[in-house]
Amino acid sequence: MRYLHSFFRIVVLLLLLVCMPARTEAIPLTPIHILIDVGHGGVDSGTSYGNLHEKDINLQIAKRLYEQLTKAGYSVALNRYEDIALSDDNRWLGNRSRHIRDLAQRKNLAKEIVPQMMLSLHVNWSSDSRRRGPVVLYQSNEQSFMLADLLQSSLNRLANTNDKPVKGKTYYMLRHSYCPSVIVEMGFISNASDREMLTNPASQEKIAQAIREAVSEYVTLTGNLKMETFAKESWWQEPLIQQINGRLDE
């Protein structure tokens with residue numbers, strides 16, 4: 001009974017993330033290889049530049065990454081597929097801080113579905129407009145560092161930079177042991193060159209591709225993820241996406 005109760009909670013939580021369609025049986029229940037944590041959302045816009053908001057950039061690239069990883073054969077989940085604040089779904093944590101409730105909701109989702117990897121997508125900002133390039137933050141474990149190093153190298157090649165991954169000691173999203181996790185700061189919105197790359201659809205596709213290639217390299221080196229024989233849509237099949245989220249923009 002305890003197993004069935006836990007299983008039911010997981011299914012309900014994930015259905016809520018996609019606004020629960022009228023026919024829930026249309027959503028296949030499959031193991032999750034990769035959880036894409038889409039940074040910020042709703043009232044939390046993240047960093048910004050003029051009318052450009054981090055939350056929107058994160059979501060745009062996350063959708064592209066989801067498609068690329070799914071086509072490569074991975075089972076993938078997004079923790080938000082539209083402009084919502086995950087703190088609104090957190091009714092279990094008695095904390096007045098919306099920010100803490102948001103982070104706790106993201107972290108708890110990883111705990112519930114136990115993915116084999118979590119990629120948290122973000123955009124950086126600096127008071128020095130010359131600072132540019134991707135920065136990948138990792139946990140204090142070997143798997144997370146290896147994943148971060150591969151991601152950093154792949155994104156460096158795209159951005160023509162030479163940065164190293166950074167240990168994210170104080171970051172809430174990295175303080176767990178559910179799965180290897182990284183925070184991917186995809187570029188600086190405060191830098192003109194990065195800003196163009198982060199907002200241009202073709203460049204967004206290249207960023208997603210660089211991340212997907214690093215993930216595939218990690219899988220090849222570690223053999224940790226069990227790949228599907230054929231590429232499948234995971235939590236959201238394309239027809240279902242159109243039914244549920246037809247109103248959503250890229």
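## Charges over rings

A charge is taken to sit over a ring if NZ of Lys or CZ of Arg is within 6 Å of the ring centre and within 35 degrees of the ring normal. In this predicted model, local features need pLDDT of at least 70 and side-chain atom pairs count only at pLDDT 80 or more, whereas totals for chains, interfaces and linings use all residues. Residues are numbered from 1 along each chain as its sequence is written, and side-chain values use heavy atoms, with hydrogens and water left out.

K63 lies over the face of Y81, 4.8 Å from the ring centre, and the charged end of R195 sits over the ring of Y49 at 3.7 Å from its centre.

## The aromatic pair

The ring centres of Y138 and F145 are 5.1 Å apart and their planes stand at 75°, so the pair is edge-to-face.

Y138 counts as buried at 13% relative accessibility, while F145, at 37%, is partly exposed; buried means under 20% relative accessible area, exposed over 50%, and partly exposed in between, with a 1.4 Å probe and protein chains only.

## The largest cavity

A search of the whole structure finds 2 cavities of 30 Å³ or more, a cavity being a set of points on a 1 Å grid over the protein atoms alone where a 1.4 Å probe fits but cannot get out, with lining residues having an atom within 4 Å of a point. The lining of the largest cavity includes P134, L155, M186 and D194.

Methods: On a 1 Å grid over the protein atoms alone, a cavity is a set of points where a 1.4 Å probe fits but cannot get out, and a pocket is an open set with protein on both sides within 12 Å along at least five of seven lines; lining residues have an atom within 4 Å of a point. Grid points are joined across faces, edges and corners, and a volume is the space filled by probe spheres set on the points. Rings of Phe, Tyr and Trp (its six-membered ring) pair if their centres lie within 6.5 Å; planes under 30 degrees apart count as stacked, over 60 as edge-to-face and the rest as tilted.
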